[in-house]
Number of protein chains: 2
Amino acid sequence: MGKWFSAFFSQAGFEVMISDIDTELTPEDLARRCDITVLSLPMEIFPDVVRQIGPVMPDAALLTDLCSLKQTQVQCMLDHTSCNVVGTHPLFGPAERSIQGRRVAICPGRGQRWLVWWEALFRSRKAKTTIFSPEEHDRTMAWVQALNHFILLCLGKALEEDGINLNHVMELATPSFERQLHILARLCHQDPELYATIQLGNPYTGSAIETFNKYARQLMEILSGRNRREFISMFREVQELGPYLLKHFEEEH
Amino acid sequence: MGKWFSAFFSQAGFEVMISDIDTELTPEDLARRCDITVLSLPMEIFPDVVRQIGPVMPDAALLTDLCSLKQTQVQCMLDHTSCNVVGTHPLFGPAERSIQGRRVAICPGRGQRWLVWWEALFRSRKAKTTIFSPEEHDRTMAWVQALNHFILLCLGKALEEDGINLNHVMELATPSFERQLHILARLCHQDPELYATIQLGNPYTGSAIETFNKYARQLMEILSGRNRREFISMFREVQELGPYLLKHFEEEH
């Protein structure tokens, strides 16, 4: 994503400097010289680099990041610098050609002016931006990413179970399940290290998974009790989400 | 689906007769006079109608059905008639305009000649047909339908939980989760009664859900133990499904 955003900022007319493990330019030198420092790092080494560059950042500068989690990360930046801080989470991968139509979550840290300017920059490039507190961002992402991957991993493992013939599954796939298998297949493009950090690092992962499991237990009881009426009532409740979800997606596109 | 297939068979050049609750033609009269009788009924009343018409079917005729489950249904037809029997499961809904490219599962019952002819009829109309034993059909459908709906219902209920802001979820949806929400939204077009019967009537529902839950428990242990290495190893295992699934879908399209 670092490379992707380097190209993005160059195209937007900025002069871009890069410090990496193989560059002569050190993170400190870069942080001292730039108006905006964008951290694109594995979350494991993120705190070390923030500790290293935070204190040398000019007060008028902006420190921001591209991490998939924001609560610990924005706090870490606030703790180690007195300059302006904004958290950024681009909700797409480096396979996308353009930012147009893609989502970017922006979390306030310190400094209103930079926040407004930063969001306007993405909007001018037709990204869909939304401002979230770091806490609300992580809480929501526990459902969007941690729970989503939890479900996909359990489904994937279940499909590899002895006695299940995956060819038969594909030959009998309904349109709904075929779509589910497509989502599962997309996992092969993802980075297991990043997803481990997202799953283990999000403070709300447990709560999202536990909520899913609460309903899993409830539904299993309904099924083992052969309670047809209760099953239909749960099905109808979930169906009510449909028009709401479809309306949202239609308005977006 | 009865209406849909009535149009399909008419277009294929057959003379179609219909017996329904509001027709003068009784099921017995129809069964006596037709070469092929196709049962399109709620699974709840299916056995009653089979008992009613099975004994009057001419030995050279074909009795078939459109039920979503096949093990009990094919056995029921075999038990109550001495004519030819084939189980049919069209894996699509009446919203489809054409059978072209759609899947149809065909289950042998009694009589090889009708089976071959029946499959050829669908193939000539460009449907994707596959022959399954009734047992293998239901076992596979427990994963494709019962487990799929189990997951979708639990996810839907979890998204309605207090403290979850569905607007935030949609604003932060990754491409993967956005696809998941689209599958969820499609549930509003389905018939809760039919899905209750599929969920409660498939003898393999419990086994599919239990397998999913086995891995859910395993993954929750990995997460609560903060076992990063094990998480990555599970993620990599599931990723291996990707190329296999993608290859299958590419070959189909």
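How many residues of domain 1 of chain A are in contact with residues of domain 2 of chain A? Five residues of domain 1 are in contact with six residues of domain 2, where contact means that the C-beta atoms of two residues, placed from the backbone, lie within 7 Å.

This is a predicted model, in which local features need pLDDT of at least 70 and side-chain atom pairs count only at pLDDT 80 or more, while totals for chains, interfaces and linings use all residues. Residues are numbered from 1 along each chain as its sequence is written, and chains are lettered from A and ligands numbered from 1 in the order in which they are written. Chain A averages a pLDDT of 95, and 100% of the residues score at least 70; pLDDT is the predictor's confidence in each residue, from 0 to 100. For the model, ipTM is 0.90 and pTM is 0.91.

**Chain A**

Chain A contains 12 helices and five strands. Helices (H or I, at least four residues) and strands (E, at least two) are DSSP runs, numbered from the N terminus. The C-alpha trace of chain A spans about 65 × 35 × 35 Å along its principal axes. Of its 253 residues, 40% count as buried. A residue is buried if 20 or more other C-beta atoms lie within 10 Å of its own, exposed if 12 or fewer, and partly exposed in between, with C-beta atoms placed from the backbone.

Chain A is divided into domain 1 (2–132) and domain 2 (142–252), with bounds that come from an automatic or database domain assignment. The centres of the two domains, taken over C-alpha atoms, are separated by 32 Å.

**The contact between the chains**

The contact takes 76 residues from chain A and 77 residues from chain B. On the side of chain B that touches chain A, α6(B) gives the most, with 16 residues. That side divides into 47 nonpolar, 17 polar and 13 charged residues. Here Ala, Val, Leu, Ile, Met, Phe, Trp, Tyr, Cys and Pro count as nonpolar, Asp, Glu, Lys and Arg as charged, and the others, Gly among them, as polar.

Chain B is superposed on chain A by a rotation of 180° with 0.0 Å of shift along its axis (RMSD 0.0 Å). Copies are superposed by least squares on the C-alpha atoms of residues with pLDDT of at least 70 in both. The two copies are thus related as by a two-fold rotation axis. The same surface serves both copies, as 99% of the contact residues of chain B recur in chain A.

**Single residues**

B:F177 lies in helix α8 of chain B, and A:I106 is found in strand β4 (residues 103–110) of chain A.

| Residue | C-beta neighbours inside 10 Å | State |
|---|---|---|
| B:F177 | 21 neighbours | buried |
| A:I106 | 22 neighbours | buried |

Leaving aside neighbours within four places in sequence, B:F177 is in contact with A:V144 and A:N148. With residues up to four places away likewise not counted, A:I106 touches A:V86, A:T88, A:W118, A:E119, A:T129 and A:I131.

In the largest nonpolar core, which has 136 residues, A:C154 and B:C154 touch the most other members. A nonpolar core is a set of buried Ala, Val, Leu, Ile, Met, Phe, Trp, Tyr and Cys residues joined through C-beta atoms within 7 Å. Not counting residues up to four places away in sequence, A:C154 touches B:F212, B:Y215, B:A216 and B:L219.
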